[in-house]
Amino acid sequence: MRLPFHIIEMLERRSEHELRLPSDCEYLSLDIESKTGTHIGATTLKRLLGFAGDERQPHTSTLDVLARYLGYSHWQELAAVEHEGNSGFEAAEGEVRTTDLLPGTEVEVAYLPDRRLLFSYRGNGHYLVTESENSKLKAGDEAEIQAFVPHHPLLVTAVWRDGKSLGPFTAGRVSGLQFVKVRKP
């Protein structure tokens with residue numbers, strides 16, 4: 001099985017390395033292992049990238065490691081995005097949208113390796129960081145957030161600290177948010 005072109009492009013973006021030669025599979029193998037803790041051999045990657053001319057089906061566990069490397073929980077999730085599309089108006093499973101919250105609502109999130117944040121919703125998409133453990137966001141920061149989605153990175157549109165704009169911020173880039181808990185006022 002050769003991987004679809006768009007997945008190869010995703011691998012290139014994730015590894016920050018072009019995959020144009022069979023020798024590039026050595027680099028990709030090392031990068032996958034360093035980011036997932038699981039080894040996929042360069043020979044297997046050569047088959048999947050079309051360098052070996054071998055159309056054998058890879059093990060599901062191999063595809064699951066590739067999916068995790070790309071930020072998905074398993075291969076079926078990645079395949080579903082390919083089949084069903086990567087956009088829509090419906091909320092993702094477990095997604096908490098700011099537009100659905102009342103001021104005073106608290107949202108707690110955690111992400112790897114040991115980060116935890118507690119936000120208090122102020123209204124108009126703005127949150128106050130009330131607790132921060134091991135995060136670059138600090139208690140007292142103001143953040144503009146549209147949604148919290150489990151297993152996806154937290155995208156903060158803008159951060160203000162002591163009245164000064166710090167710009168956008170992304171938390172949990174690799175593994176996403178481990179959990180999202182909402183406490184209503």
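This is a predicted model: local features need pLDDT of at least 70, side-chain atom pairs count only at pLDDT 80 or more; totals for chains, interfaces and linings use all residues.

Biologist: How many helices and strands does the protein chain have, and in what pattern?
Modeller: The protein chain has five helices and nine strands, and along the sequence the pattern runs α-α-α-α-α-β-β-β-β-β-β-β-β-β.

Biologist: What box do the C-alpha atoms fill?
Modeller: Along the principal axes, the C-alpha atoms of the protein chain take up roughly 60 × 30 × 25 Å, and 39% of the 185 residues count as buried.

Biologist: Let's turn to α4; which of its residues are buried?
Modeller: Helix α4 covers residues 60-69, and its buried residues are T62, L63, V65, L66, A67 and Y69; just after α4, G71 adopts a positive phi of about 95°.

Biologist: And how do α2 and α4 cross?
Modeller: The axes of α2, residues 24-36, and α4 come within 10 Å and cross at roughly 75°, which is why the two helices are described as roughly perpendicular to each other. On the α2 side the contact is made by L28, D31, I32, K35 and T36, and on the α4 side by V65, L66, R68 and Y69.

Biologist: Switching to the surface, what is its area, and how far apart are the mean charge positions?
Modeller: The accessible surface of the protein chain comes to about 10800 Å², with 50% belonging to carbon and sulfur atoms, while the mean positions of the 21 positive and 27 negative charges are 4 Å apart.

Conventions
Residues are numbered from 1 along each chain as its sequence is written. Side-chain values use heavy atoms; hydrogens and water are left out. Buried means under 20% relative accessible area, exposed over 50%, partly exposed in between (1.4 Å probe, protein chains only). Helices (H or I, at least four residues) and strands (E, at least two) are DSSP runs, numbered from the N terminus. Accessible areas come from the Shrake-Rupley method with a 1.4 Å probe; for residues, only the protein chains shown count as cover. Lys and Arg count as positive and Asp and Glu as negative; His and the chain ends are not counted. The place of a charge is taken as NZ of Lys, CZ of Arg, CG of Asp or CD of Glu. Axes are lines fitted to C-alpha atoms, for helices over the stretch in contact, and angles run from 0 to 180 degrees between N-to-C directions. Angles under 35 degrees count as roughly parallel, over 145 as roughly antiparallel, 65 to 115 as roughly perpendicular and the rest as oblique. Contact means heavy atoms within 4.5 Å.
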